[in-house]
Amino acid sequence: MTLTVHHLEYSQSFRILWLLEALSADYDVKVYERDPKSRLAPADYKALSPLGTAPVITDGDLALAETNAIVDYILDKHPKSKLRPTANASNRTNYLFWFHAAQGSMMPIMLFGAVFGAIEKSVPFFLKGLIRKITGQVKAGFLNPRMNALIDKAEADLGTSKWLAGDELTAADIVMSYNMESSHNAGYITDAHPNCLRWLEQMHANAAFKAAMMKDGRETMVFTG
Ligand SMILES: N[C@@H](CCC(=O)N[C@@H](CS)C(=O)NCC(=O)O)C(=O)O
């Protein structure tokens, strides 16, 4: 039975395509378009898993959601791959940090940003000024300092190694791909972060990344809204 990636366009599920291409794995892909109005996943995607979010993979009777659960499930099937450094490897802790910070710290900040954007768009015009003032204060006082600290750490780490956990690509880079691209689009990564910009360039030039883009058929992986 071949593993199937249920890929929602412009979404985090692109990372699973990149992972499978980097492993030269055998898999099928089914691409779903977002609902044109809500820009959420369509009903047939939502029916795939209890969460209704992307990514989802199916493998025989199994339907699995949640990015890092899927990454670990796939890597368990490729025990010899260097994409997940072993417990004693020198790059293990950097790997663990970025693999988990991507989902545990960065994605929630980005989600807040998206939710604030939606609120600002949807409130009546006479409330917009007030709402923007409140969301602006939360961004400046809470979200931006946290995101800037993460980008500064990425910049420092990428000053000492080619990828985030050493000189070889790991699944931490693959999971961080959506975050780095989105952080660049959102203006968190700027010309003041040459190492992060170099990382983005080398990601775009990576052969497995390019193969994943061909499967995806879209011009960018991230949802720009
Ligand atoms: N923590 C989850 C987050 C999943 C998530 O929010 N996915 C977005 C795609 S970027 C999604 O499904 N959006 C469409 C929707 O909620 O209908 C994961 O990593 O799998």
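The structure is a predicted model, in which local features need pLDDT of at least 70 and side-chain atom pairs count only at pLDDT 80 or more, while totals for chains, interfaces and linings use all residues. Residues are numbered from 1 along each chain as its sequence is written.

F142 lies in helix 5, which spans residues 125–157; helices (H or I, at least four residues) and strands (E, at least two) are DSSP runs numbered from the N terminus. Between F142 and K30 there are 112 residues in sequence, and the C-alpha to C-alpha separation in space is 38 Å. R146 is also located in helix 5. This residue counts as partly exposed because 14 C-beta neighbours fall inside 10 Å. When neighbours within four places in sequence are left aside, R146 is in contact with S105 and I109, where contact requires C-beta atoms, placed from the backbone, to lie within 7 Å. For R146 and I109, which are 37 residues apart along the chain, the C-alpha atoms are separated by 8.0 Å.

The strands form an open sheet of four, with the order 2-1-3-4 and mixed pairing; two strands are taken to pair if DSSP finds at least two bridges between them. Strand 2 (27–32) and strand 4 are the edge strands, each pairing on one side only. On average, neighbouring strands of this sheet are turned by 20° against each other, direction ignored. The axes behind this angle are lines fitted to C-alpha atoms, for helices over the stretch in contact, and angles run from 0 to 180 degrees between N-to-C directions.

Strand 1 (residues 3–8) pairs with strand 3 (residues 56–59) in the antiparallel sense over three bridges, and V5 has I57 of strand 3 as its bridge partner. The pairing of strand 3 with strand 4 (residues 62–65) is likewise antiparallel, over four bridges. Strands 3 and 4 form a hairpin with two residues between them, and G60 in the turn has a positive phi of about 60°.

Several backbone features occur in the loops. A cis peptide bond with omega of about 5° joins A54 and P55, and P55 is found in the loop between helix 2 (43–46) and strand 3. In the loop between helix 1 and strand 2, S24 adopts a positive phi of about 50° although it is not a glycine. S24 is exposed, since 10 other C-beta atoms lie within 10 Å. A positive phi, near 85°, is also found for E66, a residue other than glycine, in the loop between strand 4 and helix 3. With 15 other C-beta atoms within 10 Å, E66 is partly exposed.

Helix 3 comprises residues 67–76, and its buried residues are T67, I70, V71 and I74. These residues cover an arc of only 100° around the axis, which puts them on the same side of helix 3; the arc is that of the directions from the helix axis to the C-beta atoms. Their packing partners are helix 1 (14–22), strand 3, strand 4, helix 4 (92–122) and helix 6 (171–185).

Definitions and conventions. Buried ≥ 20, exposed ≤ 12 C-beta atoms within 10 Å, placed from the backbone. Contact = placed C-beta atoms within 7 Å.
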